[in-house]
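Here's a quick tour to read with the model open beside you.

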Amino acid sequence: VCSNSTLIVLNNKIVFLNSSPMLTSKLINRCIFCFTNTIRHNSHSLEICSKDFTDYKSLLIKDNFVTPEEESAIVGEVEKKLKRMKYESSHWDDVIHGYREIQKLNWSKSTQLIIDRFKSMVPPPLLPHTHILDLSPEGYITPHTDSVEHCGPCLAVLSLLSDAVVKLEHNDTAERWFKVLVKRYSVYVLQGKLRYHYKHSILSGKDSIVNGEKVEKGRRLSVIVRNDIQASQ
């Protein structure tokens, strides 16, 4: 959560309030998001390092955030450009493998409504472009923390086309970790300690296992929204 802000729950919604007592409707519209399907330690979709580990509770997940039709609309708008690109074997920083990516600013009117709903998961100000990351069926992302110089304290990821397994591990203590099944059509939000003190990764197909259960990972399209570094000031 941004500094100089307060987090409250109002009518089952999380609301980010700035330090001013004045709260305009515009701020409400941009800063409210709902979250459901809180992950539980005994869930088949969550594996934790030890029974007394609780940091996973900071991860917010909302299943079925978009419909199959909305997924098709988003994919349809980025597919034409992505198809002209080859999957790269590795990223410049060696974090992402088997990927294509673009930054997208403009959407059709109908799809923009979906993207705006997704952007409401992250408190403003937001980075202007939406990051589209296309992982091949063999692609994966190694443990990393998003740049603290260019990105703010919160990011949201919309998962399309495939389920995947996300692993988070503490920057300083490898023994503190958890893995969670991130389902197709879902959104997850990283903020607070998970944003700054944990590295996150997307496991490869062969390593996509949660509590002994294999997760079938295919081609995965991530739509990523980050807030600006100013949000942490």
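E79, R100, D134 and R219 are tied into a network of salt bridges, a salt bridge being a side-chain nitrogen of Lys or Arg within 4 Å of a carboxyl oxygen of Asp or Glu. Bear in mind that this is a predicted model, where local features need pLDDT of at least 70, side-chain atom pairs need pLDDT 80 or more, and totals for chains, interfaces and linings use all residues. Numbering runs from 1 along each chain as its sequence is written, and side-chain values use heavy atoms, leaving out hydrogens and water.

**The overall build**

- The protein has four helices and 15 strands; these are DSSP runs numbered from the N terminus, with helices being H or I of at least four residues and strands E of at least two.
- Of the 233 residues, 48% are buried. Buried means under 20% relative accessible area, exposed means over 50%, and partly exposed is in between (1.4 Å probe, protein chains only).
- Take the contacts (heavy atoms within 4.5 Å) with a separation of 6 or more: 76% of them are between residues 24 or more positions apart.

**Salt bridges**

- Side chains of opposite charge can pair when their charged atoms come close.
- The structure holds 10 salt bridges.
- One of them pairs K179 with E47 at 3.6 Å, N to O. K179 sits in strand β10 (residues 177-182) and E47 in strand β4 (residues 46-48), so this pair ties together parts 132 residues apart in sequence. K179 counts as buried, at 13% relative accessibility.
- D55 pairs with R176, their closest N and O atoms being 2.7 Å apart. R176 is in the loop between β9 (164-170) and β10, while D55 is in the loop between β4 and β5 (60-62), so the pair links parts 121 residues apart in sequence.
- R176 is partly exposed at 33% relative accessibility, whereas D55 is buried at 8%.
- D55 also has a salt bridge with K193, with 3.2 Å between the closest N and O atoms. K193 belongs to helix α4 (residues 192-196), so here the parts tied together are 138 residues apart in sequence. K193 is partly exposed, at 38% relative accessibility.

**The largest pocket**

- Its volume is about 660 Å³. A pocket here is an open set of points on a 1 Å grid over the protein atoms alone, where a 1.4 Å probe fits, with protein on both sides within 12 Å along at least five of seven lines; lining residues have an atom within 4 Å of a point.
- Of the 30 lining residues, I96, H131, H144, D146 and R226 are the closest to the centre of the pocket.
- β15 gives the most to the lining, with five residues.
- The lining divides into 15 nonpolar, 10 polar and five charged residues.

- Most residues other than glycine have a negative phi, and most peptide bonds are trans.
- P124 and P125 are joined by a cis peptide bond, with omega about 0°. P125 is in the loop between α3 (109-119) and β7.
- N64, not a glycine, has a positive phi of about 50°. N64 lies in the loop between β5 and α2 (68-82) and is exposed at 61% relative accessibility.
- L161 has a positive phi too, about 75°, and is found in the loop between β8 and β9.

Notes:
Points joined across faces, edges and corners; volume = space filled by probe spheres on them. Nonpolar A, V, L, I, M, F, W, Y, C, P; charged D, E, K, R; others polar.
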